[in-house]
Amino acid sequence: MQQLTGKKIILGVSGSIAAYKAVLLTRLLVQAGAEVQVLLTPAATHFVTPLTFSTLSKRPVFTEVTSDEGWNNHVELGLWADALVVAPATANTLAKLANGICDNIIAAVYLSARCPVFVAPAMDVDMWHHPSTQANVQRLLAYGNHLIPVGEGELASGLHGAGRLAEPEHITTALAAYFDRQSDLKGQKILITAGPTYEAIDPVRFLGNRSSGKMGVALAEAICARGGEVVLVLGPSALRPQMPGLEVVRVESAQEMYTAALAAFPQCHTAILAAAVADYRPATAAAEKIKKKGDTLTLELVKNPDIAAALGQQKQPHQRLVGFALETHEGEAHAREKLRRKHLDFIVLNTLQDSGAGFAVDTNKVTIFGADNKVHYFELKSKQAVAQDIINTTLVSAT
Ligand code: C5P
């Protein structure tokens, strides 16, 4: 029997004949120890009744955002859950989730949920293979959702092919495996540097860069969600991450980041250096605001310490170092050269040539080079999904 003890699971059932399998799924989830909140779309109620599900789950079932009994708070539901499972997910429901349409309770909960989302599609073979359904699935994956693949075989229409809802036992196993992975970083302490640095020119001005800190913060949050501990040394970013297992050290300049990172590294198994550190700083920061005088102003800049290279020097055999390279040209050659020179174990390359990758945007496209010469290529994804790829490649498969 799969273990889901104490897990809070929202099961969203949409209007497919496969909805009858969601009845058995509810039973299996409850047997595995989960608390199950069932949501039905109005179309699903034509196939199975709310009474069947409420009896099995021992909880009222919701079919509407608003009903005679009042407003079913979809935001609260979304925050309550450890996972949202949409099974069966019809072509119509996939399209709604992929495009942010929220005209029913499942779609409304989906948009407000912070928990992982699993979709288990079910539909006829031609609907499944239709390019728009496939594009919606790809989009949902790119948003960081999980797909429970369809099965092949006889379909309700009498046709044969792909489109069968995964078996309830398989869905339960997939969820249990997911929650097992959630604690796979337990006992690991990871140092992350993230965000830009500000190098003071005078009390008012600084030299900075366009880094938002989003990639490093996504990594920190994903590691904590998988049971790891993180020391996040964060430059001046608008983000204010907070979660159990996360210690945030706020810094401003490269030198402050250097001091904080070097102090934290000896207690950590791995350092992931996602910060965009200024290579140079003004030789002196003026004590008072510099007055506007001549037509030109020359600033003398001096080199900042390279945090990655310093950690590479100090690295012990049990420690691992992951750097980033943001390149505008000849990305691969530069990335490999930095990997060697800074004694990194991995380097994550993103190029500004890929649209949707790089600073301030919510997506990224990366290639990871290992010191073992292995190369891992990834598609354009949300920074949350990229964070999972980086963790799986550099922290999990490498152990
Ligand atoms: O040399 P470059 O700045 O391109 O190297 C990028 C990698 O080195 C990133 O992982 C970045 O966080 C790190 N780095 C650093 N300290 C610096 C410059 C870069 O840790 N002063």
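# Briefing: buried residues, ligand surroundings and cores

R226 is buried, with a relative accessible area of 4%. Buried means under 20% relative accessible area, exposed means over 50%, and partly exposed lies in between (1.4 Å probe, protein chains only). This is a predicted model, in which local features need pLDDT of at least 70, side-chain atom pairs count only at pLDDT 80 or more, and totals for chains, interfaces and linings use all residues. Residues are numbered from 1 along each chain as its sequence is written, and side-chain values use heavy atoms, without hydrogens and water.

**R226 and its surroundings**

- R226 sits in the loop between α9 (214–225) and β13 (229–234). Helices (H or I, at least four residues) and strands (E, at least two) are DSSP runs, numbered from the N terminus.
- Beyond its neighbours within four places in sequence, R226 is in contact with R181, Q182, S183, D184, L185, K186, Q388, I391, N392 and V396. Contact here means heavy atoms within 4.5 Å.

- The buried residues of α12 are G331, A335 and L339. Viewed down the helix axis, they fall within an arc of 65°, so they line one face of α12. The arc is taken from the directions that run from the helix axis to the C-beta atoms.
- Cover for these buried residues includes β18 (320–327), β19 (346–351) and β21 (367–370).
- Setting aside neighbours within four places in sequence, K338 contacts A325, E327, H343, L344 and I347.
- K338 and H130 are 208 residues apart in sequence, and their C-alpha atoms are 44 Å apart in space.
- Most residues other than glycine have a negative phi. E330 is not a glycine, yet its phi is positive, about 45°. E330 lies in the loop between β18 and α12. At a relative accessible area of 58%, E330 is exposed.
- H343 follows α12 and has a positive phi near 60°. H343 lies in the loop between α12 and β19. H343 counts as partly exposed, at 39% relative accessibility.

**Ligand**

- The residues around the ligand are L273, A275, V277, P305, D306, I307, A308, G323, F324, K338 and K342. Each has a heavy atom within 4 Å of the ligand.
- Polar contacts are pairs of N or O atoms within 3.5 Å; within protein, one must be able to donate a hydrogen and the other to accept it, and residues adjacent in sequence count only if both atoms are side-chain atoms.
- A backbone N or O atom of L273 is 2.6 Å from a ligand oxygen atom.
- A polar backbone atom of A308 lies 2.9 Å from an oxygen atom of the ligand.
- The side chain of K342 places an N or O atom 2.9 Å from an oxygen atom of the ligand.
- Taken alone, the ligand exposes 440 Å², and the protein buries 88% of that. Accessible areas come from the Shrake-Rupley method with a 1.4 Å probe; for residues, only the protein chains shown count as cover.

**Nonpolar cores**

- A nonpolar core is a set of buried Ala, Val, Leu, Ile, Met, Phe, Trp, Tyr and Cys residues joined through side-chain atoms within 4.5 Å.
- The largest nonpolar core has 33 residues, of which L4, L11, V13, F53 and I171 touch the most other members. At least two residues of this core come from each of β1 (8–13), α1 (19–31), β2 (35–40), β5, β6 (117–121) and α8 (168–182).
- A second, separate core has 30 residues, including M215, A220, A222 and V322.
- F53 has contacts with V13, A19, A22, V23, T26, V38, L40, V48, K58 and V61, leaving aside its neighbours within four places in sequence.

**T26 in helix α1**

- T26 is found in helix α1. T26 is buried, at 0% relative accessibility.
- Its side chain reaches the backbone oxygen of A22 at 2.7 Å.
- Not counting residues up to four places away in sequence, T26 touches L11, V36, V38, F53, L56 and S57.

**Helix α10**

- In α10 (residues 254–264), the residues A254, M257, A260, A261, L262 and A264 are buried.
- What covers them includes β10 (189–194), β11 (199–200), β13, β14 (246–250) and α11 (307–314).

**Cis peptide bond**

- Most peptide bonds are trans. The bond from A87 to P88 is cis, with omega near -5°. P88 belongs to strand β5 (residues 83–89).
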